[in-house]
Amino acid sequence: MATDELHKSEGETMDSSKSVFNLGSVVGDLTIEEDAGSNDISLEGLQQELEECKADEVVANILSKGVKLREYTKGVENNLRQVELDSIQEYITESDNLVSLHDQIRDCDIILSQMETLLGGFQVEIGSISSDIKILQEKSLDMGLKLKNRKVAESKLAKFVEEIIVPPRMIDIIVDGEVNEEYLRTLEILSKKLKFVEVDSMVKTSNALKDVQPELERLRQKAISKVFEFMIQKLYALRKPKTNIQILQQSILLKYKYAISFLKEHGKDIYNEVRAAYTDTMNKVLSAHFRAYIQALEKLQLDIAGPTDLIGVDTRSTSLFSRGREPLKNRSAIFALGDRISILKEIDEPSLIPHIAEASSKKYPYEVLFRSLHKLLMDTATSEYVFCGDFFGEESVFYEIFSGPFAVMDEHFGTVLPNSFDAIGIMLMIRITHQHQLIMSRRRIPCLDSYLDKVNISLWPRFKMVFDMHINSLRNANVKTLWEDDVHPHYVMRRYAEFTASLIQLNVDYGDGQLDLNMERLKMAIDDLLIKLAKMFTKPKLQTVFLINNYDMTIAVLKETGPEGGKIQAHFEDLLKNYTAVYVEELLLEHFGNLIKFVKTRASEDPNSGSDKPITVAEVEPLVKDFGSRWKAAIELMHSDVITSFSNFLCGMEILRAALTQLLLYYTRLSDCMKKIDGGSALNKDLVSISSIMYEIRKFSRTF
């Protein structure tokens with residue numbers, strides 16, 4: 001419709017261009033009439049507007065010339081009309097150009113319309129292509145999913161085929177091959193196939209299994225049969241005499257441990273038969289080995305002590321014929337530890353080899369054989385425990401095997417312990433057992449824990465029983481039978497000292513309170529017996545000498561073991577000190593009785609105190625002269641008496657020096673007393689100088 005109007009306008013324009021256009025006839029005479037209502041115009045605000053327009057050039061020109069506004073307005077309107085007419089005329093003049101412009105616009109419109117149609121077609125085609133692309137995309141996703149599913153299916157199918165198929169090569173190896181490393185690798189493959197068939201539920205429903213399963217079952221049975229025969233053959237080799245079991249286990253059997261695993265998984269009954277065969281074989285072999293070793297060790301045993309070898313038993317009451325079983329030099333080992341303690345330093349040395357030791361005709365205390373036997377047991381048990389864990393994967397196999405060796409050991413100790421009366425040997429075995437427990441702990445092998453605990457539990461009661469026998473031998477000792485008319489150390493006290501020193505030495509690193517308590521009981525028993533033996537002497541001086549000699553000997557023996565004597569040594573040192581003081585007084589009273597009596601009773605009195613019976617020169621003079629006449633001889637007699645009375649020369653000299661020192665104190669008090677007596681200076685010529693007495697004391701001191 002707009003196009004038609006445009007065409008109509010163009011037609012009118014073309015028609016008007018053909019005739020002469022008279023502008024004046026159209027416009028007419030332009031006149032402006034005065035507005036009748038101009039007088040009614042309000043001039044309010046005019047002054048403000050004029051002020052605002054004062055800067056305008058046109059307004060300023062009008063105001064300056066005084067031109068009337070109405071006239072000026074009329075002129076402007078005429079000018080505008082003229083401009084309008086000129087514009088119309090100019091448009092008419094340019095009509096051809098406008099027609100040409102119109103044609104061009106029309107052509108453009110046609111072209112744009114065609115382009116609109118073309119683009120509309122493109123838009124439809126693009127929409128169609130987008131739909132096709134979306135369809136292709138959906139098809140692509142669908143194809144990708146199908147491809148992924150097919151790959152998964154192919155993978156599972158390939159795994160299924162690989163797991164279920166039975167290659168001819170595998171059949172040949174299982175049926176006809178020898179049991180070697182290749183055979184074991186084939187067993188692993190067969191095991192995987194058997195597990196695959198048993199575990200996967202999908203496989204159980206497949207048709208392929210119906211064809212393969214009978215073949216797999218025949219192969220399983222054939223493999224089990226072949227492995228069983230092979231393992232039984234290898235186990236029989238363990239029964240051959242002089243077979244090194246550890247080498248056979250490590251170099252041969254462990255190489256085929258997978259065969260045992262195969263039997264355990266796929267032939268439980270046959271596995272149990274092989275396990276039982278190995279357990280029975282090793283049980284018998286190891287039991288026989290330990291029994292033979294024990295029998296060989298028994299030939300090397302040196303008997304140390306019997307039921308009568310007790311501290312308080314009189315050696316003279318023992319028959320000579322009962323001592324023919326051991327050399328006399330070994331009798332000292334009953335109570336003294338000696339070199340026997342070295343066994344604790346050799347705790348991890350190799351076991352004794354019986355035929356070599358027998359060839360040297362050497363005998364050993366039982367604790368040496370005990371250590372050797374348990375060393376063999378520890379090494380054998382460690383090896384077997386590790387092997388059973390690797391080969392069978394079961395600890396219970398070890399305990400079934402070693403039930404036999406343990407029974408052999410229990411039988412042996414059941415025979416030995418009731419006949420053991422060697423308390424030191426039993427304590428050594430207790431310490432050896434403790435060391436063996438530490439060794440097994442460091443190895444981290446727990447298989448002997450209960451056995452060693454049982455051994456330790458059986459040793460302590462036996463030690464307690466033998467120890468009580470020693471205590472009872474002292475408590476029930478016949479004093480008249482034991483007593484000898486000799487002041488030197490008694491053999492019973494020496495036995496006690498050596499026995500106690502041995503136990504103290506064996507308790508150094510252990511601090512066993514139970515053992516300390518038992519030794520305290522033993523000390524009380526020996527104290528009572530020693531006092532009874534001392535009282536058998538008629539003279540108090542001999543009783544004192546007897547006790548001093550025994551205490552001194554005991555202290556010397558305890559000191560030989562080191563600084564570990566402790567309370568027991570301190571106890572005897574206190575007794576020695578006390579009885580030494582008693583002996584010094586007795587010795588001085590024997591030779592200087594009157595002098596000592598006077599000093600103790602009268603020397604402390606003050607002559608000027610007005611006593612009823614004052615000290616006089618006549619009372620002191622005999623004492624001074626008697627001392628001056630025989631003091632040297634008396635000292636010589638004291639020296640001789642000490643030398644013959646005390647078996648320990650150093651102890652005797654110490655006692656003599658103490659006696660002389662005490663004598664010097666007594667004589668000094670006598671001299672001081674004389675100076676206080678009237679007329680006492682008359683006796684100065686008979687006094688022995690202190691320096692002379694000191695000289696004699698120093699002379700005897702130099703004999704140390």
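So, ground rules for rings: those of Phe, Tyr and Trp (its six-membered ring) pair if their centres lie within 6.5 Å, and planes under 30 degrees apart count as stacked, over 60 as edge-to-face and the rest as tilted. By the way, this is a predicted model, where local features need pLDDT of at least 70 and side-chain atom pairs count only at pLDDT 80 or more, while totals for chains, interfaces and linings use all residues. Numbering starts from 1 along each chain as its sequence is written, and side-chain values use heavy atoms, with hydrogens and water left out.

How many aromatic pairs does the structure hold? There are 25 of them. One aromatic cluster is made up of Tyr385, Phe398, Tyr399, Phe402, Phe406 and Tyr451.

Now two single pairs. Tyrosine 278 and phenylalanine 387 have ring centres 5.7 Å apart and planes at 40°, so we call that one tilted. Tyrosine 278 is in helix H13 (residues 268-298) and phenylalanine 387 in helix H15 (residues 366-391), so the pair ties together parts 109 residues apart in sequence. Helices here, for the record, are DSSP runs (H or I, at least four residues), numbered from the N terminus. Both tyrosine 278 and phenylalanine 387 are buried, where buried means under 20% relative accessible area, exposed over 50%, and partly exposed in between, with a 1.4 Å probe and protein chains only.

The other pair, tyrosine 583 with phenylalanine 646, is edge-to-face, at 5.0 Å centre to centre and 85° between the planes. Tyrosine 583 sits in helix H24 (residues 566-601), and phenylalanine 646 in the loop between helix H25 (617-645) and helix H26 (649-676), 63 residues apart. Tyrosine 583 has 0% relative accessibility, so it counts as buried; phenylalanine 646, at 3%, counts as buried too.

On to helix packing. Helix H22 (residues 513-534) and helix H23 (residues 540-560) pack at about 145°, with axes 9 Å apart. Those axes are lines fitted to C-alpha atoms over the stretch in contact, and angles run from 0 to 180 degrees between N-to-C directions. Which residues meet there? From H22, Leu530, Ile531, Leu533 and Ala534 meet Gln543, Phe546, Leu547, Asn550 and Tyr551 of H23, contact being heavy atoms within 4.5 Å.

Last one: glutamate 349, in the loop between H13 and helix H14 (354-359). Its relative accessible area is 43%, so glutamate 349 is partly exposed. Leaving out residues up to four places away in sequence, glutamate 349 touches Arg371 and Lys375.

Methods:
Helices (H or I, at least four residues) and strands (E, at least two) are DSSP runs, numbered from the N terminus.
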